[in-house]
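Here is a short note to read beside the model. Take the points in order, and keep the structure open while you do.

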Amino acid sequence: MITFIYKIIVGIRNLMYDKKIFKSYKSYIPVISVGNITSGGTGKTPFVIFLVKHFKGLGLNPLIVSRGYKRKTRGQIVFNSKSKRTLQDVGDEPFLISLVCPETDIVINKNRKEAIQWAERSQKKYDVIVLDDAFQHRSVCRDFNILLINNNQNLSDCLPKGQLREPIKNIKRADCIVFTKSSSLASVPSIIAKSNIPTFKSKESFSLSSSGYKCGVAFCGIGDPDSFMETLESLSIKVLDSIHFKDHQKYDTPYINRLESLLKTANQTVFYTTQKDWVKLPESFLKKYRGVFVKMDLSIKDPDFKNLLMKKIN
């Protein structure tokens with residue numbers, strides 16, 4: 001029943017945009033949207049990083065616009081790694097992106113239109129705007145709408161019954177689909193396979209922040225915890241025990257106590273986690289134990305993707 005009501009609400013909202021009753025703002029700066037049709041777990045943050053590095057390599061000045069999910073501040077914030085902003089100020093994913101892309105400006109604002117209008121007035125002259133997690137945010141027009149799909153997820157129905165944020169038929173809004181975290185495309189839903197939307201497959205590579213250990217406990221708070229465990233196995237790490245938290249988990253005292261209990265029970269001082277979780281851990285915890293985080297790099301080797309991307313923004 002909840003899923004049914006959810007789909008009605010989402011359907012009405014999309015209809016309002018389709019019929020132009022709700023307006024979408026068109027910027028003169030090229031806008032690239034990266035988003036999911038599921039509730040998470042597609043590698044969206046590494047993909048944004050991949051795009052930004054690509055644009056920087058071409059000598060362009062990209063700007064990232066993010067809502068800053070679960071941040072503790074209000075209003076618009078413009079920052080980069082040189083700014084004195086904390087993870088609590090901007091949210092975990094933008095904070096992580098700033099560490100990997102230190103010279104790239106990031107605007108935190110849940111009102112994407114307002115953020116883009118600020119960019120248009122800025123004296124920095126941005127060449128391209130990357131909208132983070134924006135497939136459902138239709139208040140802004142985009143020149144290239146990239147949809148990430150992890151076909152290991154439940155694509156059969158909408159939340160809460162399944163993992164879809166909206167019906168799978170709405171992939172029609174995408175300019176291209178990128179399959180991530182997928183070893184095989186054999187299980188792609190027929191509606192995607194039969195569409196005329198250009199599809200690509202990402203290539204993920206993983207490495208460890210430290211190679212001195214081969215076993216320990218593991219934990220994460222991400223949208224697709226199973227993929228993290230599979231990655232540790234592929235890196236020949238023996239996981240003695242593990243615990244999974246909700247996506248965007250905040251590691252305050254009760255959760256740190258649970259981690260310390262996990263380590264104590266396993267008689268371990270070594271732990272493995274994701275880079276996204278690592279940046280949220282208290283300094284005292286990191287000093288007390290021997291931690292290792294998994295670094296994930298994502299790219300698309302198919303030259304047709306980059307050609308299509310550049311064609312859309314030129």
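The model is a predicted one.

1. **Glu166, a charged residue inside.** Start with Glu166, in the loop between strand 6 and strand 7 (176–179). Is Glu166 buried or exposed? Buried means under 20% relative accessible area. Glu166 has 1% relative accessibility, so it counts as buried. Its side chain makes a polar contact of 2.8 Å with the side chain of Gln136. Setting aside residues up to four places away in sequence, Glu166 touches Val10, Asn14, Ile37, Phe135, Gln136, Cys158 and Arg173.

2. **Cys158, in that loop too.** Cys158 also sits in the loop between strand 6 and strand 7. With a relative accessible area of 1%, Cys158 is buried. Beyond four places in sequence, Cys158 touches Thr3, Tyr6, Lys7, Leu164, Glu166 and Pro167. Now look at Thr38. Cys158 and Thr38 lie 120 residues apart in sequence, yet their C-alpha atoms are 8.3 Å apart in space.

3. **A cis peptide bond.** Stay with the loop between strand 6 and strand 7, where Pro160 lies. The peptide bond from Leu159 to Pro160 is cis. Its omega is near -5 degrees.

4. **Salt bridges: the count and one example.** Side chains of opposite charge can pair when their charged atoms come close. The model has 15 salt bridges. One of them joins Asp18 and Arg138, with the closest N and O atoms 2.8 Å apart. Asp18 is partly exposed, at 42% relative accessibility. Arg138 is buried, at 14%.

5. Glu93 forms a salt bridge with Lys44, and their closest N and O atoms are 3.2 Å apart. Asp132 is in strand 5, 88 residues from Lys44. Asp132 is buried, as is Lys44. Which residues make up the whole network? Shared partners join Lys44, Glu93, Asp132, Asp247 and Lys276.

6. Glu93 is one of the buried residues of helix 4.

7. **Helix 2 against helix 11.** At what angle do helix 2 and helix 11 (residues 303–313) pack? The angle is about 70 degrees, and the axes are 13 Å apart. That makes helix 2 roughly perpendicular to helix 11. From helix 2 come Phe47, Phe50, Leu51, His54 and Phe55. They meet Phe305, Lys306, Leu309, Met310 and Ile313 in helix 11. By type, the contact residues are eight nonpolar, one polar and one charged.

8. **His54 at that contact.** His54 lies in helix 2. His54 is buried, with a relative accessible area of 14%. Leaving out neighbours within four places in sequence, His54 is in contact with Lys306, Leu309 and Met310.

9. **Two positive phi angles.** Check Lys70 next. Its phi is near 65 degrees, a positive value in a residue other than glycine. Lys70 is in the loop between strand 2 (62–66) and strand 3 (77–79). At 43% relative accessibility, Lys70 is partly exposed. Ser236 also has phi near 65 degrees, again positive in a residue other than glycine. Ser236 lies in the loop between helix 7 (225–234) and strand 11 (238–244). With a relative accessible area of 53%, Ser236 is exposed.

Methods: Residues are numbered from 1 along each chain as its sequence is written. This is a predicted model: local features need pLDDT of at least 70, side-chain atom pairs count only at pLDDT 80 or more; totals for chains, interfaces and linings use all residues. Side-chain values use heavy atoms; hydrogens and water are left out. A salt bridge is a side-chain nitrogen of Lys or Arg within 4 Å of a carboxyl oxygen of Asp or Glu. Buried means under 20% relative accessible area, exposed over 50%, partly exposed in between (1.4 Å probe, protein chains only). Helices (H or I, at least four residues) and strands (E, at least two) are DSSP runs, numbered from the N terminus. Axes are lines fitted to C-alpha atoms, for helices over the stretch in contact, and angles run from 0 to 180 degrees between N-to-C directions. Angles under 35 degrees count as roughly parallel, over 145 as roughly antiparallel, 65 to 115 as roughly perpendicular and the rest as oblique. Contact means heavy atoms within 4.5 Å. Ala, Val, Leu, Ile, Met, Phe, Trp, Tyr, Cys and Pro count as nonpolar, Asp, Glu, Lys and Arg as charged, and the others, Gly among them, as polar. A polar contact is a pair of N or O atoms within 3.5 Å; within protein, one must be able to donate a hydrogen and the other to accept it, and residues adjacent in sequence count only if both atoms are side-chain atoms.
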